[in-house]
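Work through the exercises below with the sequence and the model side by side. Try each task before you read its solution.

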Amino acid sequence: MRKLLATVAIAAAFTAAPAMAQDGGLYVGVLAGYEGIDVDSADGTVSADADSSVYGATIGYDLSLGNAFVGVEGEIAKSDSTATFPDSFGAARESLSSDAQYYVGARAGVALTPGIAAYGKIGYTSIDVNAFTESGSLAELEENASGLRYGAGVQVALPGPLEARVEYRRSEYDAVDGTEFGDAASDQLVAGIGLRF
């Protein structure tokens with residue numbers, strides 16, 4: 001399913017219809033969409049997954065290079081995925097929920113038509129998570145994991161200073177806490193609207 005979403009997002013970048021001319025400069029925006037997350041146990045023997053919505057805000061700057069651009073972007077987002085491990089997990093806290101997510105990175109794109117561009121992105125990301133028991137018998141543990149995010153999307157200039165985008169991205173996080181929970185990965189498909197200055 002997630003591979004299909006990735007294919008659809010990337011294919012959309014090459015099939016969009018013409019729109020208005022696109023500019024560089026500073027922009028801010030909001031986004032929302034789908035997240036699927038997978039978490040491994042620290043020893044890699046079992047895993048758990050979950051789905052949820054994700055929403056957030058972005059700020060960035062693009063430098064126009066004629067029919068191409070390069071830029072930097074930051075994002076803060078939130079989701080509420082909760083992954084619960086099977087009974088065979090055997091750890092003190094069997095559930096892990098996601099919270100705030102942070103990203104800063106670079107992106108580069110090329111114009112497909114006036115006002116429509118396809119782009120790729122890569123950068124540093126981190127996520128706040130909470131480990132807990134379903135029974136509530138133990139206090140929650142708050143952790144933060146860091147990793148790499150990469151993705152691709154298409155952006156379309158709208159009338160005036162507005163623009164829209166559709167984007168697929170994957171985030172891969174190193175050991176969430178290093179004792180009970182191991183590596184984690186999330187796949188997101190989001191849509192957003194922005195204001196360019």
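**Exercise 1.** How many residues lie between β1 and β2 in their hairpin, and which residue in the turn has a positive phi?

Solution. First, some ground rules. This is a predicted model, where local features need pLDDT of at least 70, side-chain atom pairs count only at pLDDT 80 or more, and totals for chains, interfaces and linings use all residues. Residues are numbered from 1 along each chain as its sequence is written, and side-chain values use heavy atoms, with hydrogens and water left out.

Step 1: find the strands (E runs in DSSP of at least two residues, numbered from the N terminus). β1 covers residues 25–41 and β2 covers residues 47–64.
Step 2: check the pairing (two strands pair if DSSP finds at least two bridges between them). β1 and β2 are antiparallel, with 16 bridges. One place to look is G33, which stands opposite V54 in β2.
Step 3: read the turn. Five residues lie between the strands, and G44 has a positive phi of about 75°.

**Exercise 2.** Which strand does β2 join through 11 bridges, and in which sense do they run?

Solution. Step 1: the partner is β3, residues 68–79, and the two run antiparallel.
Step 1: Y55 has K78 in β3 as its bridge partner.
Step 2: this hairpin has three residues between its strands, and G66 takes a positive phi near 80°.

**Exercise 3.** Which residues have the most contacts inside the largest nonpolar core?

Solution. Step 1: a nonpolar core is a set of buried Ala, Val, Leu, Ile, Met, Phe, Trp, Tyr and Cys residues joined through side-chain atoms within 4.5 Å.
Step 1: the largest has 16 residues, and V39, F85, L96, I127, V176 and F181 have the most contacts inside it.
Step 2: β1, β2, β6 and β9 (181–196) each give two or more residues. β6 gives the most, with three.

**Exercise 4.** Why does Y168 count as buried?

Solution. Step 1: locate Y168 in strand β8, residues 162–173.
Step 1: Y168 counts as buried because its relative accessibility is 12%.

Conventions:
Helix = DSSP H or I, 4+ residues; strand = E, 2+ residues; numbered from the N terminus. Buried < 20%, exposed > 50% of the residue type's maximum accessible area, 1.4 Å probe, protein only.
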